[in-house]
Structures are given as C-alpha cells and as structure tokens.
Amino acid sequence: MSATCVVGLQWGDEAKGKIVDFLSDEHDYVVRYNGGNNAGHTVVWGERRFALSLLPTGILRSHMRAVIANGVVVYPPKLLEELASLEKAGIQVKDRLSISAQAHVIFPYHIAEEVECGGKAAIGTTGRGIGPCYSDKVNRANGIRVGELLHPEHLKARLTDIIPRKNKIIKALSADPDKAPVFEVEKLWADYCQMGEQLRPMITNTTMLLHEALQNRKKILFEAAQGSLLDIDHGTFPYVTSSHSLPSGIWSGSGVPARQLTRIIGVAKAYTTRVGSGPFPTELNDGPDGIGERIRKVGREYGTVTGRPRRVGWFDALAVRYSAAIAGCDEITIMLLDVLSGLEEIKVCVGYEYEGKKINYFLNDGVELAKCKPIYETLQGWKEDISKARKLEDLPVQARRYVQFLSDLIGLPVSVISVGPDREQTILNKIG
Ligand code: IMP
C-alpha cells in the first residue's frame, strides 16, 4: 500500500505542481481525480517552463504513468492541445496516459451556459464550462462520458436529444437572447467523434488500472486540482468549484479507497491568494503602492488559466488549519517564502472578530466568513534575498521564525520550504 496525495490548503494556486514534480521520483503513477482545465499547474526546470491545466503535472517525468480519472471533466480540444504541445517539446506522453471512459466531457454549450447564464458573473468562475458539465453529470439526462465518444451512432442520438434542450436554455437565460450562440448537432457530433478517435488509444477503465497498479505494489501520487477552500462541500460555498478538491474526492473520483493513502501533503503559500469572487478576510486592498500589489508583482500572482490578477493577502492560519484538518494532512509545505523578502513586518491571521466576539476557528460559510475581521500577529520580516537558500540554516532567523510560527499554529510539521519556482530552490528540512 503506498499512495500519496498532494493537496492545496488555500483557494488554489499554491504551487502544488512543484511539489508533485518533486515527488515524482518516488512514484510510478500520477493521477488527477477532480476538476478540469480550470486548473493551472506550472513546473519550472531551469530555462524550461511548463503550464498544464488538464494533464497531471507528473506526466512531465518520463517514468511516470499518468491517469485522468473518472472524477475529472475533460474538454477534448484542450487535452489534445496540451498533448501536442508536450510532444512538440520532445516529451512523449501518449503511450503513458490513460483517460477514464467514465470521466465526463465538456462541450462548447457548457462554456456558453456558464457565460450566458450568469455563473461566471455570480461566482467569478474560470469560464471553462466546469460547473455546467458537473451539473449535467449529477443531473444525468444531459451528461456524456468520455467512453461515449467512441460510439458514433450512440453519440449522435445523445447529442440530438441534448443540444436542442441546451439551445433553448441558453437562449432563454441569455441577457441578449438574439445574440445567444446556437449549437448544431452535426458539427459537434463530427468534431467530437474525430477527437474521440484521437483519444481512443488512451481511453480505458482507469479504476481497474489503478487497482492493478496497487496490487503490483506501484506507488501512486494523487494530484489534487484547485484548493481545499474551493471544495464543493467543505469550501466557502457558493464561491467554490464544482468538484471535491479535498482528498475525500479520491475515493469517488478514482475508485481508489481512501485507506490506501499513506501520506497526505498539504501545500500552502507563505501568504494567501484567491481568484474570482468570495470572502477573503486577510485580503490586502492597500492600493497600487501597497504591500498587496508588491506581493502580486513579486509573486507573479496572475492566473495561469485566465491571466486574471489574483487577490492577495496575509497568511490565514485559521483557514489553513481548517483545510489541513479536513484534508487529513500529515505535513505541510510552505511555498513562495522568497516573495515576502524585504518586508519590514509580516502579519499572520490568528483569529477573527465575528459579530463582536473573538473566534479562533474558520467559518466555511460564505456569508459568515464575509463578516469576519482578521486579528493579526505581527512578525519581523527579513531583508535578505533567500532564493539561493538550500537548507534551513541558510535562511535568516526571522524567516525561520516565521515558518516555525506557521507550523505551530497549524499543528503540523513543515517538510518543504520553497524559495523560488525552480526545483532546485527547495529546502527539505523538517520544521515543527
Ligand atoms: P470554476 O472552477 O471555473 O467553476 O470556478 C469556481 C471558482 O474557483 C472561481 O473563483 C475560480 O476562480 C476558482 N478556481 C477554479 N480553478 C481554480 C484554480 O485552479 N486555481 C485557483 N482558483 C480556481
């Protein structure tokens, strides 16, 4: 039994890709079990930079077998584009990738539904059709699985049934019905049959594949997409994504029982970011010359998928302690610590003021969280550039104290500290 999960503990974009890449040497399989191309994972190897959104990051390592499991929603044009771009970069992936026949398929009408029917504006979603596709899965009548792309006549019958309904919904809910997009059965059918054929060699029963791998004592690495606070059940609803981004999604999203997990690593940034709408108690709205903008610039905090500037704020220990508990983390990693270099003081949220009372726990209810005011502890910053630090002793004492402080607040050891995007810019000593 050996399965590891790497999960984000904030609102996504915690630099999970770097940790997955780091752990790849010790694993044989890498599995995506949730989300779709709303995710953005970046890996930097020296001069080479890879940004993936549907493929698991671990696929970059040639010894790894990669799996897109049943809990993922697949947008075939994006998947084919990512496969082509890796092959162009000299990384052969097609013979190492398996796609679940049970994963659901995103069609252009899902994207239109999200944009035209208000989800994008109301929640600040990525506009990739994620929510509408998961809704169709749960609602069943309109959901189409990857395996269905391989049966042309069957697919035609399904699309003939579904598309007129979708056209009606989109037109009825569109702000400008006369300009609402109209989808044609023949065109979508032809396009998706053709893409299905391209994907055919990779489509399989990934649940059985993973169980065989476990029987053969292979090591599996689960790569969560988005962050725990975006989890559909345990995140800050309604400002969440539509899937189970916590490790709880592994069981249903891949068919691998949770008891197989032997290590759960929670990834957190040294500060907090959030993209899209929703409450964010520690957000820094301190103008163009403020600390928020400085962190955004130094940390290059712009969405990998949408390019949107990310909202930036101080580390929220209540939020991370909450996520780490629900995720069942054994350890945490602190990413982008170098971004805080040069700040006189660094604040950490250690409590909230909520309806006149001090509380020391996170409120995952979007309405309640919006009423919370952060209570901070202020720590001394450090001036030194820490991007060349490779061991704990290379860090200024203030930086070490900061990490120790976070570890104490969360109650878990910090096993990795990241001081830059490159895989070399990593400190592996345990704190806490
Ligand atoms: P959706 O997943 O596109 O439906 O978007 C729902 C919310 O999750 C929005 O606030 C998005 O900005 C956010 N979101 C989705 N995927 C990611 C991600 O990979 N990183 C950060 N935020 C994300």
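## Close-up views of a predicted model

**Overview. The structure holds 24 salt bridges.** A salt bridge here is a side-chain nitrogen of Lys or Arg within 4 Å of a carboxyl oxygen of Asp or Glu. The model is predicted: local features need pLDDT of at least 70, side-chain atom pairs count only at pLDDT 80 or more, and totals for chains, interfaces and linings use all residues. Residues are numbered from 1 along each chain as its sequence is written, and side-chain values use heavy atoms, with hydrogens and water left out. Helices (H or I, at least four residues) and strands (E, at least two) are DSSP runs, numbered from the N terminus.

**View 1. K78 and E81 pair within helix α2.** The two side chains form a salt bridge, with the closest N and O atoms 3.2 Å apart. Helix α2 spans residues 76-88. K78 and E81 sit three residues apart in this helix, so about one helical turn separates them. K78 is partly exposed, at 22% relative accessibility. E81 is also partly exposed, with a relative accessible area of 48%. The classes are set by relative accessible area: buried is under 20%, exposed is over 50%, and partly exposed lies in between (1.4 Å probe, protein chains only).

**View 2. E301 and K269 form a buried salt bridge.** The N to O distance is 2.9 Å. E301 lies in the loop between α10 (291-298) and β13 (311-313), and K269 lies in strand β11 (residues 261-269), so the pair ties together parts that are 32 residues apart in sequence. E301 has a relative accessible area of 0% and is buried. K269 is buried too, at 1%.

**View 3. K383 and E344 form a salt bridge between two loops.** Their closest N and O atoms are 3.4 Å apart. The pair links distant parts of the chain, 39 residues apart. K383 is in the loop between β18 (373-380) and α13 (397-410). E344 is in the loop between β15 (331-335) and β16 (345-354). Both K383 and E344 are exposed. Elsewhere, salt bridges that share partners join D13, K269, E301 and R310 into one network.

**View 4. Q10 is a buried loop residue.** Q10 lies between β1 (3-8) and α1 (16-23). Its relative accessibility is 2%, so Q10 counts as buried. Which residues does Q10 touch, not counting those up to four places away in sequence? They are G227, S228, L229, L230, A268, K269, Y271, T272, F315 and V320. Contact means heavy atoms within 4.5 Å.

**View 5. I334 is buried in strand β15.** At 0% relative accessibility, I334 counts as buried. Leaving aside neighbours within four places in sequence, I334 contacts A268, A270, F315, V403, L406, V414, V416, I417 and S418. I334 and A15 are 319 residues apart in sequence, yet their C-alpha atoms are 9.5 Å apart in space.

**View 6. Helices α6 and α7 cross at roughly 140°.** Two packed helices are described by the angle between their axes and the distance between the axes. The axes of α6 (residues 152-173) and α7 (residues 185-199) come within 10 Å. Axes are lines fitted to C-alpha atoms, for helices over the stretch in contact, and angles run from 0 to 180 degrees between N-to-C directions. The two helices are therefore oblique to each other. Angles under 35 degrees count as roughly parallel, over 145 as roughly antiparallel, 65 to 115 as roughly perpendicular and the rest as oblique. The crossing is right-handed. A crossing is left-handed if the near helix is turned anticlockwise from the far one by less than a right angle, and right-handed if clockwise. P152, E153, L155, K156, L159, T160 and I163 of α6 meet V185, E186, L188, W189, Y192 and C193 of α7.

**View 7. Helices α2 and α7 cross at roughly 40°.** Their axes come within 10 Å. These helices are therefore oblique to each other. Their crossing is left-handed. On α2, the contact is made by P76, P77, L79, L80 and L83. On α7, Y192, M195, Q198 and L199 take part.

**View 8. The count comes to zero disulfides.** A disulfide is a pair of cysteine sulfur atoms within 2.5 Å. For C117, the nearest cysteine sulfur is that of C133, 15 Å away. C117 is partly exposed, with a relative accessible area of 26%. For C372, the nearest is that of C349, 8.7 Å away. C372 is buried, at 6% relative accessibility.
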